Amino acid sequence: MFKHPKESRVSITELMLPSHSNFSGKIHGGHILNLMDQIAFACASKHSQHYCVTASVNRVDFLNPIEVGELVTLKASINYTGRTSMVVGLRVESENIQTGKIKHCNSSYFTMVAKDKAGNNVAVPGIILDNEQAVRRFARSIARQQQTRHRSSKFNASEFKIEEHLESIKQQNAKIEL
């Protein structure tokens with residue numbers, strides 16, 4: 001079975017309140033991460049028609065601050081499907097209600113895994129790629145998976161080669177005392 005990404009797209013908009021902010025009036029990153037996890041869950045669950053859990057979050061860069069009183073819109077779409085996992089692409093934008101100015105605040109990728117009632121991984125429907133952007137997103141997810149595997153094995157204690165890293169570390173704000 002295959003499904004089109006538009007069948008499980010989700011978006012939410014929420015007014016940012018003072019209770020969501022830090023002392024300088026900027027919205028806590030943790031609050032935004034919570035909203036991102038919720039919408040990733042909703043999107044993945046809608047696609048798989050199962051309860052889903054967050055397996056990983058690939059890079060979260062806060063590009064622009066979000067102010068109290070702004071509307072925050074989160075958009076989620078399935079970018080990739082594996083056997084039991086899905087990559088949900090997320091975009092976070094804020095809108096100044098008075099000026100109408102929209103800022104891109106964050107993009108991220110959540111890997112979600114579908115579970116049955118007993119908590120076992122369950123197969124998910126595949127994804128229909130019907131345009132160049134969908135193919136690009138799917139291919140990018142494959143590349144990200146390969147980079148993650150390479151990165152994690154390169155720094156395993158049993159495979160780590162200290163001499164390959166000493167020179168670059170010396171150029172950083174660190175002092176090596178071995």
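Guide: A nonpolar core is a set of buried Ala, Val, Leu, Ile, Met, Phe, Trp, Tyr and Cys residues joined through side-chain atoms within 4.5 Å. The model discussed here is predicted.

Visitor: How many residues does the largest nonpolar core have, and which have the most contacts inside it?
Guide: The largest nonpolar core has 31 residues. Those with the most contacts inside it are Ile32, Ile66, Met86, Val88, Leu90, Val92 and Met112.

Visitor: Which elements give two or more residues to this core?
Guide: They are helix 1, strand 4, strand 5 and strand 6. Helix 1 provides the largest share of this core, with seven residues.

Visitor: Stepping back, how many helices and strands does the protein have?
Guide: The secondary structure comprises three helices and seven strands. From the N terminus on, the order is β-β-α-β-β-β-β-β-α-α.

Visitor: And what box do the C-alpha atoms fill?
Guide: Along the principal axes, the C-alpha atoms fill a box of roughly 55 × 50 × 35 Å. Of the 178 residues of the protein, 35% count as buried.

Visitor: How do the residues of the lining of the largest pocket divide into nonpolar, polar and charged?
Guide: Three are nonpolar, five are polar and seven are charged.

Visitor: How much space lies in the second largest pocket?
Guide: About 240 Å³ of space lies in the second largest pocket. Of the 13 residues that line this pocket, Ser56, Asn58, Thr111, Gln145 and Thr148 are the closest to its centre.

Visitor: Which element gives the most to that lining?
Guide: Helix 2 gives the most, with five residues. Strand 3 (51-58), strand 5 and helix 2 each supply at least two residues. The lining of the second largest pocket divides into four nonpolar, seven polar and two charged residues.

Visitor: Changing topic, how many aromatic pairs does the structure hold?
Guide: The structure holds two aromatic pairs. Phe41 and Tyr51 form an edge-to-face pair, 5.5 Å centre to centre with 65° between the planes. Phe41 lies in helix 1 (residues 29-48) and Tyr51 in strand 3, ten residues apart.

Visitor: Is Tyr51 buried or exposed?
Guide: Tyr51 is exposed, because its relative accessible area is 51% and the cut-off for exposed is over 50%. Phe41, at 32% relative accessibility, counts as partly exposed.

Visitor: Why is the pair of Tyr80 and Phe138 tilted?
Guide: The ring centres of Tyr80 and Phe138 are 4.7 Å apart and the planes are at 40°, so the pair is tilted. Planes under 30 degrees apart would count as stacked, and those over 60 as edge-to-face. Tyr80 lies in strand 4 and Phe138 in helix 2, so the pair ties together parts that are 58 residues apart in sequence.

Visitor: Are Tyr80 and Phe138 buried or exposed?
Guide: Tyr80 is buried, with a relative accessible area of 12%. Phe138 is buried as well, at 18%.

Visitor: One last item: what sits over the ring of Tyr109?
Guide: The charged end of Arg144 sits over that ring, 3.7 Å from the centre of the ring.

How values were computed:
Residues are numbered from 1 along each chain as its sequence is written. This is a predicted model: local features need pLDDT of at least 70, side-chain atom pairs count only at pLDDT 80 or more; totals for chains, interfaces and linings use all residues. Side-chain values use heavy atoms; hydrogens and water are left out. Ala, Val, Leu, Ile, Met, Phe, Trp, Tyr, Cys and Pro count as nonpolar, Asp, Glu, Lys and Arg as charged, and the others, Gly among them, as polar. On a 1 Å grid over the protein atoms alone, a cavity is a set of points where a 1.4 Å probe fits but cannot get out, and a pocket is an open set with protein on both sides within 12 Å along at least five of seven lines; lining residues have an atom within 4 Å of a point. Grid points are joined across faces, edges and corners, and a volume is the space filled by probe spheres set on the points. Helices (H or I, at least four residues) and strands (E, at least two) are DSSP runs, numbered from the N terminus. Rings of Phe, Tyr and Trp (its six-membered ring) pair if their centres lie within 6.5 Å; planes under 30 degrees apart count as stacked, over 60 as edge-to-face and the rest as tilted. Buried means under 20% relative accessible area, exposed over 50%, partly exposed in between (1.4 Å probe, protein chains only). A charge sits over a ring if NZ of Lys or CZ of Arg is within 6 Å of the ring centre and within 35 degrees of the ring normal.
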